[in-house]
Amino acid sequence: MLARRIIPCLDVRDGRVVKGVRFRDHEDVGDIVDLARRYAREGADELVFYDIAASARGRTVEPEWVSAVARELDIPFCVAGGIRSVDDARARLFAGADKISVNTPALEDPAIIDRLAAEFGSQCVVLGVDSRIIEGAWRVHQYTGDPDKTVIGHRRTLDWIAEGIDRGAGEVVLNCMDQDGVRDGYDIEQLQAVRQVCSTPLIASGGAGRKEHFKSVFELAKVEGALAASVFHKGVIEIGQLKAWLGGEGIRVRP
Amino acid sequence: MSIGLIDTGCANLASVRFALERAGLTYRVIDTPARMAGCDRFILPGVGAAGPAMRRLRTAGWDQALATDTRPLLGICLGMQMLFERSAEGEVACLGLIPGAIEKLPPPADGVWPHMGWNALEILDPDEPLLAGIETGEHVYFVHGFYAPPGPVTAAVCDYGRPVSALVRHRHIAGCQFHPERSGAAGARILANFAMSSR
C-alpha cells in the first residue's frame with residue numbers, strides 16, 4: 001500500500017532557504033542544496049521548494065538552482081513560485097523538477113491549470129492554496145510572499161480546490177495560514193473539509209510542531225502527505241525518528 | 001559502450017540523466033534511431049501524455065527501429081506504458097513490443113487518483129535481473145493514472161486497491177511503472193542492474 005509522505009518545505013528567497021512566522025519576518029536557515037541533501041539522507045519522501053517572493057515581485061524561480069537540486073536528489077521534488085506560463089513550467093521540469101506548483105498565477109488566470117495539465121500531464125501539476133477563515137468561511141489568499149502586497153481573494157477555498165482539480169490539477173497542497181509557523185498542530189477541521197472535495201492527493205501544510213501532529217493529520221484528515229518547514233529546519237523534529245515513531249503508531253510510512 | 005537515452009523531444013530527461021550520472025553510468029542522449037550504433041542498451045523515459053508521445057516516436061522512426069532491435073530496452077513510467085500494444089490514455093496504439101494494454105487505473109475505495117507516492121514492491125519473479133538485491137517490501141516512487149493490469153509479463157507488483165504492474169519483462173524488453181531515478185537507493189540499484197544485465 002501507499003506510504004504517507006513526510007515533506008519538508010524549503011521556502012527560498014534570493015537563493016537561500018528562509019522561514020518566517022505567518023508569512024512575515026523571514027530568517028535565513030541555510031543553503032538550498034545542503035538542506036536538500038540533508039533531508040533526503042534523513043528519509044524525507046519528497047521536497048517542496050517555494051520561491052516565496054516570486055509572485056509578489058513578478059519574477060519566476062531560476063532553473064539554475066532547480067538543476068543543482070535535481071543533480072543531488074534521488075527523491076522527487078516540486079518547485080513553486082511565480083510560474084505563470086507553460087514555458088516557465090517547462091524550464092523547471094526540464095531542469096529536473098518532478099512537479100510544479102501554481103498558486104497566485106492560477107488565481108489570476110485559472111486556465112493556466114488546464115494548459116499545464118494538457119502539456120505535462122496532471123501528475124506534474126500541483127495546486128497550492130493559501131487559506132484561512134475570513135468572514136466565517138475558508139477563503140483563499142493571494143500574494144503571500146510580500147506582506148505589503150498581500151491581498152485577500154474572494155474565492156471560497158473548497159470551491160477553488162474543486163475547480164482546480166476539475167481543470168486538471170493532480171495534487172493539492174493546502175497551506176492553512178492561521179497555523180503557519182506557530183507549531184500548534186495542523187488545521188484538522190479545514191483539512192477534513194477539503195478532503196471531502198479533493199479527489200487527488202492532498203498535502204497538509206501549516207502548523208506542525210510535534211510528532212503527534214503528523215499522526216493526527218494522517219489519521220483524522222486522511223491526507224496523503226504532511227508538509228512542514230520550521231520544525232525540520234530548526235531540528236525540533238528529526239525526519240528519520242519521526243517516521244520510525246509513526247510506523248510504530250500504525251501509520252504506513254516508507255522506512 | 002553506453003546507454004542510449006532516447007530523447008523524443010517532449011520528455012523530461014534531466015532527472016534520468018542525473019540519476020545515471022550519480023550512479024557513474026555512461027550514457028548518451030540520442031534523438032534519432034540513426035544514433036543507436038555504439039549503444040549497448042536503451043532507456044525510454046516517461047513523457048507527458050501517451051498520444052503526443054507516440055506521435056513523436058513514430059515521426060522519428062523509433063517504432064520501427066525498436067521493433068527490430070534486440071538490445072536491452074528499459075521503459076520508465078509512460079515509457080513503459082508505450083511498450084505495450086495500446087493505451088486507454090487517449091485510446092492510442094503504442095509500440096506493441098510487450099503484449100497487453102494499458103488501462104485507466106481506478107482509484108481505491110477510499111483512495112485518490114492519480115497513484116502518487118512511495119509504494120512497496122512485491123516481487124513475483126525472483127529471477128528478474130533488474131530486481132537483483134531488491135527485496136519485497138522495498139518502496140519505490142510512483143506517479144501515474146494509467147496502469148498495466150498484472151499478466152504474464154509482470155515481474156513485480158504494488159498494491160493500490162488492486163495489484164498494479166510495477167515492473168514488466170518480455171524477453172530483452174523491461175519496463176518500470178515507478179521512477180527509479182527518484183526512488184532513492186533502491187532505484188539507483190535497479191538502474192545499475194539494468195546497466196549490467198544481459199537482457
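In this predicted model, the side chains of A:Glu171 and A:Arg5 meet in a salt bridge, with 2.9 Å from N to O; the term stands for a side-chain nitrogen of Lys or Arg within 4 Å of a carboxyl oxygen of Asp or Glu. The pair ties together distant parts of the chain, 166 residues apart: A:Glu171 lies in strand S10 (residues 171-176) of chain A and A:Arg5 in strand S1 (residues 5-13) of chain A. Helices (H or I, at least four residues) and strands (E, at least two) are DSSP runs, numbered from the N terminus. Both A:Glu171 and A:Arg5 are buried, where buried means under 20% relative accessible area, exposed over 50% and partly exposed in between (1.4 Å probe, protein chains only). These two residues also belong to a network of salt bridges that links A:Arg5, A:Glu46, A:Lys99 and A:Glu171. Over all chains, the count comes to 27 salt bridges.

Residues are numbered from 1 along each chain as its sequence is written, and chains are lettered from A and ligands numbered from 1 in the order in which they are written. Local features need pLDDT of at least 70, side-chain atom pairs count only at pLDDT 80 or more, and totals for chains, interfaces and linings use all residues, while side-chain values use heavy atoms, with hydrogens and water left out.

A further salt bridge joins the side chains of A:Asp178 and A:Arg132 (2.8 Å, N to O). Here the partners are 46 residues apart, A:Asp178 in the loop between S10 and helix H8 (188-197) of chain A and A:Arg132 in strand S7 (residues 125-134) of chain A. A:Asp178 is partly exposed, with a relative accessible area of 24%, and A:Arg132 counts as partly exposed at 26%.

We turn next to the interface. Chain A and chain B bury about 2,500 Å² between them, 58% of it on carbon and sulfur atoms; buried area is the accessible area (1.4 Å probe) that two parts lose on being put together, summed over both. In chain A, A:Met1, A:Leu2 and A:Asp74 lose the most area to chain B, together 26% of what that side buries. The contact (heavy atoms within 4.5 Å) takes 35 residues from chain A and 30 residues from chain B.

Two salt bridges are found across this interface. In one salt bridge, the side chain of B:Arg182 meets that of A:Asp98 (2.6 Å, N to O). Another pairs the side chains of A:Arg71 and B:Glu21 (3.3 Å, N to O), crossing from helix H3 (residues 63-72) of chain A to helix H1 (residues 14-22) of chain B.
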